[in-house]
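Please walk through this model one chain at a time, then look at how the chains meet.

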Number of protein chains: 2
Amino acid sequence: VLGLADDAALLTPPPGRQLVLAADAMVSGVHFLPDDPADEVGRKLLRVNLSDLAAMGAVPLGYLMTVSVPADLPPDWFDGFAAGLAADQDLFGLALLGGDTTSTTGPLVLSLTILGHVAPGTALRRNGAEAGDDIWITGTVGDGALGLDALQGRVPDPDGGLARRYRRPEPRVALGRRLAGVANAAMDVSDGLLQDLGHLCRASGVAAVLRTDLVPASEAARRLGDGVLERRLSGGDDYELLLAVPPDRTEALRREAAAAGVPVTWIGSFEAGDPKVVTLDADGKPVELARSGWSHF
Amino acid sequence: VLGLADDAALLTPPPGRQLVLAADAMVSGVHFLPDDPADEVGRKLLRVNLSDLAAMGAVPLGYLMTVSVPADLPPDWFDGFAAGLAADQDLFGLALLGGDTTSTTGPLVLSLTILGHVAPGTALRRNGAEAGDDIWITGTVGDGALGLDALQGRVPDPDGGLARRYRRPEPRVALGRRLAGVANAAMDVSDGLLQDLGHLCRASGVAAVLRTDLVPASEAARRLGDGVLERRLSGGDDYELLLAVPPDRTEALRREAAAAGVPVTWIGSFEAGDPKVVTLDADGKPVELARSGWSHF
């Protein structure tokens, strides 16, 4: 369908660099809506994987993809899909290295393996957070989940801004690759801030104190009021970077964030203790939140 | 399900080598039978991809995998699947580098990206066959397709040998990596010998004369008689290596094949001319074959 042959590809790895590899699959009706625009599905597939590279501080290199296609998919669907891929390949400096097309009796399944590279020993990991580190987050939190809610008619979205954030996440590649020696740990937020902060705590063996009032919201999310706080913090599909940064590197973080053109916000601190996430308001009082697991729909 | 997290993996590529990358997907009900043993499905998934590495002459390195899982798949299915993967990881020297598990409302979809490596400039390609080269094939041809026929009750298979060949192909990795400087071109036979020989002709800009009587058949296939010739030559799932070798390298080919423990058989020659495959019998008379496309079922 996309000219994907089952030939193998040859790649000369950048000399003296480590490779970073990640794979993610997206299923129609699970990770995207069957009537999402095809070009946006292509871009989201790449961007979800680019976000994995961003979280490791890697420079994008290329990707392989398999597509399993139901018989009733309109043939021109792949025109849009390929156009979306091409746009983001250019934007992020990625080459399509190979892949495979198969049929399926079920929904469209897209599987992508992405390759990037880092200087040896400089990859960001999720297990390096230390007690005393500050918690920082890029961009705004909650627009992905609210965008899905908007597309499904559960919240208003007069200018479509939330839906755009759901469909086209912004992988923080430009910032991630600048954070070696700045962040002690990093991960991208795909399952929801609370859940992913919990993952980072468990990987690093520390506790987190999160100031929920400081978690940055977009203008569109703010218009929806305080009632969406829990949805914003436990919904997924943000693809922002969650960072652990020692206080004496605050200026370095701000400098790199400014250079990458990415806003960063302080939202709490890591502490010694069993892995858990404590949520506090501006007055230091506990905020009770149901931490239901995120399902993409 | 398999402990696949969405973390990215770090890989230090072997210094001074080129990477070889390929991706293939397998869908339940399309590429394998829903009641195929789970361990054999795991092994076939790896072996189909290993065959791509074999055709390039690459040394296996590792793989990433995504699995999209229907709700009704028995949870213990993955125990068998993982056991099959583990067995072939050991056998072929592969490491699992990462992956992702998702749900799907359709059939089980398995997508695998494999990595291998070659000395720079030595990868085998399908576009190097020259007029005057001999056509060679490894192993026997047709057992994969006949094995599927046997599993579906269309041909007898008293000792189950054909079914085993369908379920567990033998990727010719040990031979492929010995053929740099011996074969001018190589590809693996997955769509059927006639079709794949045609692909090789088109990629190389040559014609092929195939002696159908010389195409090696297993003992089990021979027992089915001449009536299965067409099925053997146009069925798929052989995963044997199809090679273009200049006559003055015949001894080198035989030596490397013996060292790798892989039988090789001369089955024809490449000639100057428009890309096409001419099929002749032992008397030099044309053999008429319907070259229907191979569908896995």
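How many helices and strands does the secondary structure of chain A come to? The count is 9 helices and 11 strands; helices (H or I, at least four residues) and strands (E, at least two) are DSSP runs numbered from the N terminus. This is a predicted model: local features need pLDDT of at least 70, side-chain atom pairs count only at pLDDT 80 or more, and totals for chains, interfaces and linings use all residues. Residues are numbered from 1 along each chain as its sequence is written, chains are lettered from A and ligands numbered from 1 in the order in which they are written, and side-chain values use heavy atoms, with hydrogens and water left out.

Chain A has a radius of gyration of 19 Å, which agrees with the value near 19 Å for a compact globule of 297 residues. That radius is taken over C-alpha atoms, and the globule rule is 2.2 Å times the number of residues to the power 0.38.

Now the interface. Chain B puts 43 residues in contact with 43 residues of chain A (heavy atoms within 4.5 Å). Together the two chains bury about 3700 Å², 57% of it on carbon and sulfur atoms; this is accessible area (1.4 Å probe) lost on being put together, summed over both. Strand S2 (18-27) of chain B is among the contributing elements. S2(B) gives the most to the side that touches chain A, with 9 residues.

Strand S1 (residues 9-11) of chain A pairs with S2(B) in the antiparallel sense over 3 bridges; pairing requires at least two DSSP bridges. Here A:Leu11 stands opposite B:Leu19.
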